[in-house]
Amino acid sequence: MRDEEAVRRFVERMGRMLAAMGVPPMAARVLLTVMTAEEDALSAADLAERLGASSGAISGAVRYLVDMDLLRREPVPGSRRDLYLLSGQSWWEATMSKMNRLQLIVDTVDEGIAAVGGTDSRPGHGMAEMRDFFAFCHDEILLMMERWERQKPVRD
(Lines give C-alpha, C1' and ligand atoms only; values in the text may rest on other atoms or scores of the structure.)
Protein backbone atom coordinates (compact mmCIF):
# COMPACT_ATOMS: atom_id res chain seq x y z
CA MET A 1 0.00 0.00 0.00
CA ARG A 2 1.31 3.46 -0.96
CA ASP A 3 2.44 5.64 1.95
CA GLU A 4 2.15 9.27 0.78
CA GLU A 5 4.12 10.63 3.73
CA ALA A 6 6.97 8.20 3.04
CA VAL A 7 6.88 9.20 -0.66
CA ARG A 8 7.08 12.89 0.33
CA ARG A 9 10.06 12.19 2.62
CA PHE A 10 11.77 10.21 -0.15
CA VAL A 11 11.27 13.05 -2.67
CA GLU A 12 12.74 15.58 -0.23
CA ARG A 13 15.65 13.40 0.86
CA MET A 14 16.61 12.24 -2.63
CA GLY A 15 16.09 15.78 -3.93
CA ARG A 16 18.69 17.04 -1.43
CA MET A 17 21.09 14.31 -2.55
CA LEU A 18 20.70 15.23 -6.22
CA ALA A 19 21.07 18.92 -5.35
CA ALA A 20 24.34 18.14 -3.56
CA MET A 21 25.49 16.56 -6.84
CA GLY A 22 24.72 19.75 -8.79
CA VAL A 23 21.12 19.29 -9.92
CA PRO A 24 19.10 22.45 -9.20
CA PRO A 25 17.07 21.68 -6.04
CA MET A 26 13.62 22.39 -7.48
CA ALA A 27 14.43 20.44 -10.65
CA ALA A 28 15.42 17.47 -8.50
CA ARG A 29 12.17 17.69 -6.52
CA VAL A 30 10.08 18.01 -9.70
CA LEU A 31 11.80 15.04 -11.33
CA LEU A 32 11.26 12.87 -8.28
CA THR A 33 7.64 14.00 -7.94
CA VAL A 34 6.91 12.97 -11.53
CA MET A 35 8.87 9.76 -11.03
CA THR A 36 6.90 8.77 -7.93
CA ALA A 37 3.47 9.84 -9.22
CA GLU A 38 0.78 7.25 -9.81
CA GLU A 39 -0.32 9.27 -12.84
CA ASP A 40 1.59 9.04 -16.12
CA ALA A 41 1.89 12.83 -16.34
CA LEU A 42 1.42 15.89 -14.15
CA SER A 43 0.59 19.49 -14.96
CA ALA A 44 2.57 22.45 -13.67
CA ALA A 45 -0.33 23.16 -11.32
CA ASP A 46 -0.18 19.58 -10.00
CA LEU A 47 3.54 19.94 -9.39
CA ALA A 48 3.17 23.33 -7.69
CA GLU A 49 0.46 21.96 -5.40
CA ARG A 50 2.37 18.78 -4.49
CA LEU A 51 5.60 20.64 -3.84
CA GLY A 52 4.16 23.81 -2.32
CA ALA A 53 6.10 25.80 -4.91
CA SER A 54 5.41 28.82 -7.09
CA SER A 55 4.53 28.48 -10.75
CA GLY A 56 7.76 30.31 -11.61
CA ALA A 57 9.86 27.79 -9.69
CA ILE A 58 8.07 24.92 -11.42
CA SER A 59 8.51 26.55 -14.83
CA GLY A 60 12.27 26.89 -14.40
CA ALA A 61 12.58 23.34 -13.09
CA VAL A 62 10.65 21.72 -15.93
CA ARG A 63 12.56 23.78 -18.50
CA TYR A 64 15.82 22.43 -17.04
CA LEU A 65 14.53 18.83 -16.96
CA VAL A 66 13.19 19.00 -20.52
CA ASP A 67 16.57 20.36 -21.68
CA MET A 68 18.32 17.49 -19.88
CA ASP A 69 15.99 14.99 -21.66
CA LEU A 70 14.66 13.73 -18.34
CA LEU A 71 11.12 15.08 -18.78
CA ARG A 72 8.96 15.46 -21.85
CA ARG A 73 6.37 18.19 -22.34
CA GLU A 74 3.05 17.08 -23.84
CA PRO A 75 0.52 19.76 -24.82
CA VAL A 76 -3.07 19.19 -23.74
CA PRO A 77 -5.20 19.38 -26.92
CA GLY A 78 -7.53 22.39 -26.90
CA SER A 79 -5.77 23.93 -23.92
CA ARG A 80 -2.80 26.13 -23.16
CA ARG A 81 -1.72 23.64 -20.50
CA ASP A 82 1.09 21.16 -20.77
CA LEU A 83 1.59 17.87 -19.02
CA TYR A 84 5.02 16.66 -17.93
CA LEU A 85 6.08 13.05 -17.99
CA LEU A 86 9.27 11.06 -17.82
CA SER A 87 10.98 11.24 -21.17
CA GLY A 88 11.12 7.50 -21.64
CA GLN A 89 14.89 7.77 -21.85
CA SER A 90 16.86 5.92 -19.29
CA TRP A 91 19.46 7.69 -17.18
CA TRP A 92 21.98 6.11 -19.54
CA GLU A 93 20.36 7.63 -22.62
CA ALA A 94 19.95 11.04 -21.01
CA THR A 95 23.59 11.05 -19.96
CA MET A 96 24.76 9.96 -23.39
CA SER A 97 22.74 12.70 -25.06
CA LYS A 98 24.68 15.27 -23.03
CA MET A 99 28.15 13.82 -23.63
CA ASN A 100 28.66 16.30 -26.46
CA ARG A 101 28.82 19.04 -23.79
CA LEU A 102 32.06 17.59 -22.43
CA GLN A 103 33.51 17.51 -25.93
CA LEU A 104 32.37 21.09 -26.44
CA ILE A 105 34.30 22.09 -23.30
CA VAL A 106 37.41 20.36 -24.68
CA ASP A 107 37.06 22.11 -28.03
CA THR A 108 36.43 25.51 -26.43
CA VAL A 109 39.43 25.20 -24.10
CA ASP A 110 41.53 24.39 -27.17
CA GLU A 111 40.43 27.74 -28.62
CA GLY A 112 41.43 29.43 -25.37
CA ILE A 113 44.83 27.76 -25.40
CA ALA A 114 45.44 29.07 -28.91
CA ALA A 115 44.29 32.54 -27.82
CA VAL A 116 46.80 32.73 -24.94
CA GLY A 117 49.75 31.60 -27.06
CA GLY A 118 49.68 27.82 -26.80
CA THR A 119 50.49 25.26 -24.14
CA ASP A 120 53.99 26.65 -23.59
CA SER A 121 52.55 29.84 -22.07
CA ARG A 122 51.75 29.96 -18.34
CA PRO A 123 47.95 30.20 -18.84
CA GLY A 124 48.07 27.74 -21.73
CA HIS A 125 49.78 25.16 -19.55
CA GLY A 126 47.01 25.31 -16.93
CA MET A 127 44.31 25.36 -19.58
CA ALA A 128 45.82 22.27 -21.22
CA GLU A 129 45.42 20.41 -17.93
CA MET A 130 41.77 21.48 -17.83
CA ARG A 131 41.26 20.31 -21.42
CA ASP A 132 42.97 17.01 -20.77
CA PHE A 133 40.87 16.41 -17.65
CA PHE A 134 37.59 16.96 -19.49
CA ALA A 135 38.77 14.81 -22.42
CA PHE A 136 39.63 12.07 -19.93
CA CYS A 137 36.21 12.37 -18.25
CA HIS A 138 34.47 12.23 -21.63
CA ASP A 139 36.34 9.09 -22.65
CA GLU A 140 35.93 7.37 -19.28
CA ILE A 141 32.22 8.11 -19.10
CA LEU A 142 31.76 6.67 -22.58
CA LEU A 143 33.55 3.49 -21.50
CA MET A 144 31.51 3.32 -18.30
CA MET A 145 28.27 3.77 -20.23
CA GLU A 146 29.23 0.99 -22.63
CA ARG A 147 29.86 -1.32 -19.65
CA TRP A 148 26.52 -0.30 -18.12
CA GLU A 149 24.67 -1.03 -21.37
CA ARG A 150 26.17 -4.55 -21.43
CA GLN A 151 25.37 -5.40 -17.82
CA LYS A 152 22.24 -3.41 -16.91
CA PRO A 153 19.27 -5.47 -15.80
CA VAL A 154 16.31 -5.76 -18.16
CA ARG A 155 13.04 -4.57 -16.61
CA ASP A 156 9.55 -4.77 -18.01
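**Notebook: salt bridges and a hairpin**

I looked up glutamate 39 and noted that it counts as partly exposed, at 37% relative accessibility. The model I consulted is predicted.

I then looked for the partner of glutamate 39. Arginine 50 forms a salt bridge with it, and their closest N and O atoms are 2.5 Å apart. I placed arginine 50 in helix H3 (residues 44-51) and glutamate 39 in the loop between H2 and strand S1 (42-43); the pair, 11 residues apart, links distant parts of the chain. Arginine 50 is likewise recorded here as partly exposed, at 42% relative accessibility.

I next examined arginine 29. Its salt bridge is with glutamate 12, and the closest N and O atoms lie 3.0 Å apart. Arginine 29 belongs to helix H2 (residues 25-36) and glutamate 12 to helix H1 (residues 4-20), so this pair ties together parts 17 residues apart in sequence. I found arginine 29 buried, because its relative accessible area of 18% is under 20%.

I turned to aspartate 67, whose side chain meets that of arginine 101 in a salt bridge (3.0 Å, N to O). Since aspartate 67 lies in helix H4 (residues 55-67) and arginine 101 in helix H6 (residues 99-115), the pair ties together parts that are 34 residues apart in sequence. Aspartate 67 is partly exposed at 39% relative accessibility, and arginine 101 is partly exposed with a relative accessible area of 37%.

I counted 12 salt bridges in the structure. I also noted a network of salt bridges that links Arg2, Glu4 and Glu38.

Last, I inspected strands S2 (residues 71-75) and S3 (residues 82-86), which run antiparallel and are joined by 5 bridges. Arginine 73 stands opposite tyrosine 84 in S3. Between the strands of this hairpin are 6 residues, and glycine 78 takes a positive phi near 75 degrees.

Methods. Residues are numbered from 1 along each chain as its sequence is written. This is a predicted model: local features need pLDDT of at least 70, side-chain atom pairs count only at pLDDT 80 or more; totals for chains, interfaces and linings use all residues. Side-chain values use heavy atoms; hydrogens and water are left out. Two strands pair if DSSP finds at least two bridges between them. Helices (H or I, at least four residues) and strands (E, at least two) are DSSP runs, numbered from the N terminus. A salt bridge is a side-chain nitrogen of Lys or Arg within 4 Å of a carboxyl oxygen of Asp or Glu. Buried means under 20% relative accessible area, exposed over 50%, partly exposed in between (1.4 Å probe, protein chains only).
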